[in-house]
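Thank you for making the time this morning. Before I say anything, please open the sequence and the structure side by side, and keep both in view while I talk.

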Amino acid sequence: MKFKVDVAIVGGGPAGSSTALTAAKLGLNVLLIDRKAHIGVPVQCGEAIGKTGPSIAEIDIPKEAIRNPIRGFRVYSPSNIKVDYAKPEPDGYIVDRRVFDKELFIKAAEAGAETLINTEIKELVFKDGKVSGLIGVNDNGKVEVESKIIIGADGVFSIIAKMAGLRKYAKLADLDASVGYEMCNVEYDDQELMEFYMGKNVAPRGYVWIFPKGEKRANVGIGVGAQDGARTALDYMKSFMKDHPIGREKLKNAKIIEYRVGAIPLGGPNEKNILDNLMLVGDAAGQVHPITGGGIGYSLVCGSIAGKVAAEAIEAGDTSERMLSNYESRWRGKYGEEFSKMLKLRVLLEKAEDKTLDQLAEILNGQNIVDLTAGRKISILFSAVKKRNKDLLNLLNGFRQLKLIQ
Ligand SMILES: Cc1cc2nc3c(=O)[nH]c(=O)nc-3n(C[C@H](O)[C@H](O)[C@H](O)COP(=O)(O)OP(=O)(O)OC[C@H]3O[C@@H](n4cnc5c(N)ncnc54)[C@H](O)[C@@H]3O)c2cc1C
């Protein structure tokens, strides 16, 4: 099979489909390729999404994908001090990624993108030192694609990023290993609150999550630093279910109905996500929140920016790196500072002892946590903490150096 297109997109997840949808709507000749036979399957996700990302990307969350509206969260510190945040109205959802990803893929196709599923891309083709196409394989044999612009939206282990020489993920320390389940008979606290459990013995560098889906069903999962050698994410998950004083109560009657594993790129974005004729989007670009591990919203927004820049480039007849730097500057203008602050904050939090996190939980309210994980300043913290211990003060001094607090 041979194709000649304006834009060839490798990966039909949120990043690739958002790029394809935007580019196709703007009249480009788009080819959207995925190796999966069933888009969205298997699910490797907690399936939580806020309303903001889709709204900025001008993408409606498919109604069929919505499983449960969410108003906020409850964080449990290592000693199970609770910090709540709840809005009066839902500001996000737990979705079904099987439906979410597939509907988005269909929307891109309906907008005019050509689609190729069950097709694995194996090679990035270079001509005169510049990216010019792709080689892949499917049931019909060899697939050859010639394209003015290639988009690498092929996820955390992106081969496009690797072959383009732009990939940074290689360090294990930049990845979180994650396992999780969809479960029934879960006794969650509140159907509209996501629950997070912290602590070095619970989930080093990460957290356990319980995301309610209604009718006592929930996604229950864990992410931990991938380099944490002694115990695996699965070991920690099992001990949360068996030994954690709250976890074991909530999950004592729970049954596993689906098993999920995955890796999350928490090391921040690649230094560079463009070359002549090439852009990287989504997990392939490292566009994931370095603390929460959330990436769906960023993928949608950055995909829509990539789609628009592709249209401008094709229109101008200039797909050079200089032209595509508009993509880099626009998405970094939106999220670059947030990612870089959150990366530094994550490193600080990683070093904090459980007792320090407990003390933080005593003085933080939910809004503080929202502000903190969005990289906003929370000067209130400092005055509250002055009387507390040295570790906590050191941690907050770290926050101050990052200009998270004044
Ligand atoms: C366990 C876990 C829980 C998570 N929970 C959340 C959450 O609750 N909320 C949130 O916002 N984020 C969450 N994330 C992160 C989120 O899932 C990702 O950030 C998001 O899926 C990124 O979208 P993407 O399109 O970049 O990549 P992906 O969704 O990974 O899509 C990449 C696509 O590329 C295809 N592909 C890969 N290689 C090739 C190839 N060579 N040829 C053809 N196709 C290829 C794949 O088949 C896949 O369909 C979680 C991640 C994990 C692992």
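Let me begin with a question: how many of the 12 residues of α1 are buried? Before the answer, two remarks on what we are looking at. This is a predicted model, in which local features need pLDDT of at least 70 and side-chain atom pairs count only at pLDDT 80 or more, while totals for chains, interfaces and linings use all residues. Residues are numbered from 1 along each chain as its sequence is written.

Now the answer: 11 of the 12 residues of α1 are buried, and the helix is mostly covered. Helices here are DSSP runs of H or I with at least four residues, and strands are E runs of at least two, numbered from the N terminus. The buried residues of α1 include Pro14, Ser17, Ser18 and Leu21, and what covers the buried residues includes β1 (2-10), β2 (30-33), α3, β11 (141-152) and α7. The length of α1 also agrees with expectation, because its 12 residues at 1.5 Å a residue should span 16 Å and its end C-alpha atoms are 16 Å apart; the expected span is 1.5 Å times one less than the number of residues. Just after α1, Gly27 takes a positive phi of about 95°.

One of the helices covering α1 is α3, and Leu104 lies in α3, which covers residues 97-110. Leu104 counts as buried because it has 28 C-beta neighbours inside 10 Å. Leaving aside its neighbours within four places in sequence, Leu104 is in contact with Pro14, Ser17 and Ser18, where contact means C-beta atoms, placed from the backbone, within 7 Å. Leu104 and Leu21 are 83 residues apart in sequence, yet 8.0 Å apart in space, C-alpha to C-alpha.

Let me turn to α7, where 17 of the 21 residues are buried, so this helix is largely enclosed by the rest of the structure. Just after α7, Gly317 takes a positive phi of about 65°. Sequence neighbours within four places aside, the contacts of Val281 include Ala15, Thr19, Ile151 and Cys302.

Which residues come nearest to the ligand? Of the 40 residues around it, they are Gly11, Gly13, Gly262, Gly282 and Gly295, with "around" meaning a C-beta atom, placed from the backbone, within 6 Å. The elements giving two or more residues to this shell include α1, β16 (255-265) and α7 (296-316), and the largest share, 4 residues, comes from β16.

Finally, the domains, whose bounds come from an automatic or database assignment: the protein is divided into domain 1 (2-68 + 94-170 + 268-338), domain 2 (172-265) and domain 3 (343-401). The shell around the ligand draws at least three residues from each of domain 1 and domain 2. The C-alpha centres of domain 1 and domain 3 lie 35 Å apart, and their contact takes 6 residues from domain 1 and 6 residues from domain 3.

Key. Two residues are in contact if their C-beta atoms, placed from the backbone, lie within 7 Å. A residue is buried if 20 or more other C-beta atoms lie within 10 Å of its own, exposed if 12 or fewer, and partly exposed in between; C-beta atoms are placed from the backbone.
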